[in-house]
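Me: Got a model open here. Can you walk me through it?

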Amino acid sequence: MFVYSIDDPKKTDRLLLLDGAKERLKLFKANLLEEGSFDSVVDECVGVFHTASPVFLAASDPQAELIDPAVKGTLNVLKSCSKFSSIKRFIVTSSIVAIMCSRKPLTPVVILDETWFSDPVTCEESKLWYVLSKTLAEEAAWKFAKENGIDMITMNPGPVIGPLLQSTTTFSVDTILNLINVLNNVLFSRYLNCIIFVDIRDVENAHIQAFETPSASGRYCLVERVTPHSETQDIG
């Protein structure tokens, strides 16, 4: 596993306390924007799970804060993977937002599935910078993987809920809190009158299954339930 600073207890303590960490967890320092930074991380691996990407909606400099880390970061990890024949499969944690934000109308009879791709122009016009970063990152990843013969699978979860490793809240939890506090959530209220939930434990298991199942391929939407905004607010 890589972290930006292996000397920062705030980043590492919760990881080192995981069951089996002493025996099986090794931390590496790496930088998503530095090409070659992941060479030593993925060397001798048989599978790589790329889950890192900035997650927030507002940005003063979307290109530097969201898009570059997402796109260049994903490509830098893929470039490192392409150097080692031991790697059999590359799993990317994308997002449901890389699927649902297009010019197609989302009506009750429309089935949104893994064949959909968010439209970058629509994202940019709507200033949905996080959505744009995930969309461009996944597009770039698929292009590189196909050109370099890398067996890649993307997991596209909705907002993730469930037990937290850290004491701070996540983007998904903040989304729910915003609804409970009757704050307008730009992303989901614009495209859906509901919230798509999935439990973190199901997301973890799906990633493992994607790696271990030989027939797995392509993209997978990870959704456990769809809840109307009004019912989400009732959680409070």
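Me: Start with methionine 155. What stands opposite it in strand 8?
Reply: Tyrosine 220 stands opposite methionine 155. Strands here are DSSP E runs of at least two residues, helices are H or I runs of at least four, and both are numbered from the N terminus. Two strands pair if DSSP finds at least two bridges between them.

Me: Before we go on, what are the ground rules?
Reply: This is a predicted model: local features need pLDDT of at least 70, side-chain atom pairs count only at pLDDT 80 or more, and totals for chains, interfaces and linings use all residues. Residues are numbered from 1 along each chain as its sequence is written, and side-chain values use heavy atoms, leaving out hydrogens and water.

Me: OK. How many bridges join strand 5 to strand 8?
Reply: 5 bridges. Strand 5 covers residues 152-157, and the two strands run parallel.

Me: What's the strand order in the open sheet?
Reply: 3-4-5-8, 4 strands with parallel pairing. Strand 3 (47-50) and strand 8 (218-222) are the edges, each pairing on one side only. The twist averages 15° from one strand to the next. Axes are lines fitted to C-alpha atoms, for helices over the stretch in contact, and angles run from 0 to 180 degrees between N-to-C directions.

Me: Which strands does helix 7 touch?
Reply: Strand 4 (89-93), strand 5 and strand 8. Contact means heavy atoms within 4.5 Å. Helix 7 (residues 129-147) makes about 165° with the direction of strand 5.

Me: And helix 10?
Reply: Helix 10 (residues 200-212) also packs on the sheet, touching strand 3, strand 4, strand 5 and strand 8. Its direction makes about 155° with that of strand 4.

Me: Back to helix 7. How many of its residues are buried?
Reply: 14 of 19. Buried means under 20% relative accessible area, exposed over 50%, partly exposed in between, with a 1.4 Å probe and protein chains only.

Me: Now the largest nonpolar core. How many residues?
Reply: 40. Such a core is a set of buried Ala, Val, Leu, Ile, Met, Phe, Trp, Tyr and Cys residues joined through side-chain atoms within 4.5 Å. Val77 and Phe90 are among those with the most contacts inside it. Helix 7 supplies the largest share of this core, 10 residues.

Me: What does valine 77 touch?
Reply: Leu32, Phe38, Val48, His50 and Phe90, not counting residues up to four places away in sequence.

Me: Last one. Where is aspartate 43?
Reply: In the loop between helix 3 (39-42) and strand 3. Aspartate 43 is partly exposed, at 37% relative accessible area.
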